[in-house]
Amino acid sequence: MSFDIPWGEAVGIVGRNGAGKSTLLKLLTRVAAPTRGVIDLGGRVGSLLEVGTGFHPELTGRENIYLNGSLLGMGRKEIKRRFDDIVQFSGVERFLDTQVKRYSSGMYVRLAFSVAAHLETEILAIDEVLAVGDAEFQAKSLAMMRDVARSGRTVLYVSHQAQTVTTLCTSAMFLERGQLSYYGSVDGALERYRSTFEKFQTEQRDAANRPGTGALRLSRAAVVDQSQDPADDTVIEFDVEANPELIGKYFVSCHVNDVNGNVVVQCDSRLTGTWFDPSEPQRGSLRIRSLWFRPGRYTVDLFVCQAGILDSWEAADAFDVLPASPYPEFTSDEAMQHGVVLADFDYEVNG
């Protein structure tokens, strides 16, 4: 692939699992070296690729701030000037002199993001960091990245969440099987993502094309009602082949995604105490209740897992939610235009 990113651009990198998004970011940040070709970077790169990248677990939060800054080529005075802002943003003041190996994943990523965003690098590369942390921190991080981009620095942002890319980025690239399929507007990249669904769905029906160890494979997945109203239960059936040689039970996790690939809900069988025996074929079903999907098209991903992923069937099936209102009153469209899902709610007048 070949591309040029101008100064001050906030570029979203989108694509399905295995498309090469994280690998590309590792190449651009010099974590890994390309087998061939040239990468020309004009300036220092601050990166947050995984929770804890660039941190030493035996050092304290305070020591890691200075270590991380030094690795980015900054002097002690420069780091010290930004130190208070880093600590205040991260919210880990009380644990600043604690070894970071004792941090929760949320504390870890807050501090790591704060260091990467506040130290004055010309390029900031971030890989799905907002998947970790609470809603308040995610909102702060988005605002910070917008400020970084507006200040003239370049932002490279990998995400599965189309809504975040739309909010943050000024352009986007769509990767497909390690190739750059599109580079241009955010809307154009997301449209290309959506247009490849049917082809991708067909390919994924062949288990040999799917990620996972292959120790177990899903043989069937189907949404019972392909068209439904917002308030209807969503029922998903699946079959898993047997493997008597596999030791230990497994669990199933299901993601329901909107048309842009945003995960609307994750239903993990561990949460209900449901485990499956690999010694014989299993037929299971998932019923999603009390969740009002907004009208539109949704796709279903199914994962069979133990400690790792045995089978990952993305785009296993799809269904449509009809443009019907589950509410008793009819009003203008703007009354339902915001939010990821619709809610079952009531107002009371106490007066």
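**Figure 1. Lining of the largest cavity in the predicted model.** By class, this lining holds 4 nonpolar, 6 polar and no charged residues. Nonpolar covers Ala, Val, Leu, Ile, Met, Phe, Trp, Tyr, Cys and Pro; charged covers Asp, Glu, Lys and Arg; the others, Gly among them, are polar. The lining residues are Val 14, Gly 15, Ser 159, His 160, Gln 161, Ala 162, Leu 190, Tyr 193, Asn 260 and Gly 261. The largest cavity holds about 60 Å³ of space. The structure has 1 cavity of 30 Å³ or more. A cavity is a set of points, on a 1 Å grid over the protein atoms alone, where a 1.4 Å probe fits but cannot get out; lining residues have an atom within 4 Å of a point. Volume is the space filled by probe spheres set on the points, which are joined across faces, edges and corners.

This is a predicted model: local features need pLDDT of at least 70, side-chain atom pairs count only at pLDDT 80 or more, and totals for chains, interfaces and linings use all residues. Residues are numbered from 1 along each chain as its sequence is written, and side-chain values use heavy atoms, with hydrogens and water left out.

**Figure 2. The second largest pocket.** Its volume is about 790 Å³. A pocket is an open set of grid points with protein on both sides within 12 Å along at least five of seven lines. The lining counts 27 residues; Phe 3, Leu 24, Leu 28, Val 38 and Ile 39 lie nearest the centre. Helix H1 (21–28) and strand E4 (154–158) are the elements that give two or more residues to this lining. H1 gives the most, with 4 residues. By class, the lining has 15 nonpolar, 9 polar and 3 charged residues. Helices (H or I, at least four residues) and strands (E, at least two) are DSSP runs, numbered from the N terminus.

**Figure 3. An open sheet of 3 strands.** The order is E7-E9-E12, with antiparallel pairing. Strand E7 (218–223) and E12 stand at the edges with a single partner strand each, so one side of each lacks a neighbour in the sheet. Strands pair if DSSP finds at least two bridges between them. E9 (residues 234–240) is joined to E12 by 7 bridges. Ile 236 stands opposite Leu 286 in E12.

Figure 4. Ser 269 sits in the loop between strand E11 (263–268) and strand E12 (282–288). Ser 269 is buried, at a relative accessible area of 10%. Buried means under 20% (1.4 Å probe, protein chains only). Leaving aside neighbours within four places in sequence, Ser 269 contacts Phe 251, Val 252, Thr 274 and Phe 276. Contact means heavy atoms within 4.5 Å.

Conventions: Buried means under 20% relative accessible area, exposed over 50%, partly exposed in between (1.4 Å probe, protein chains only).
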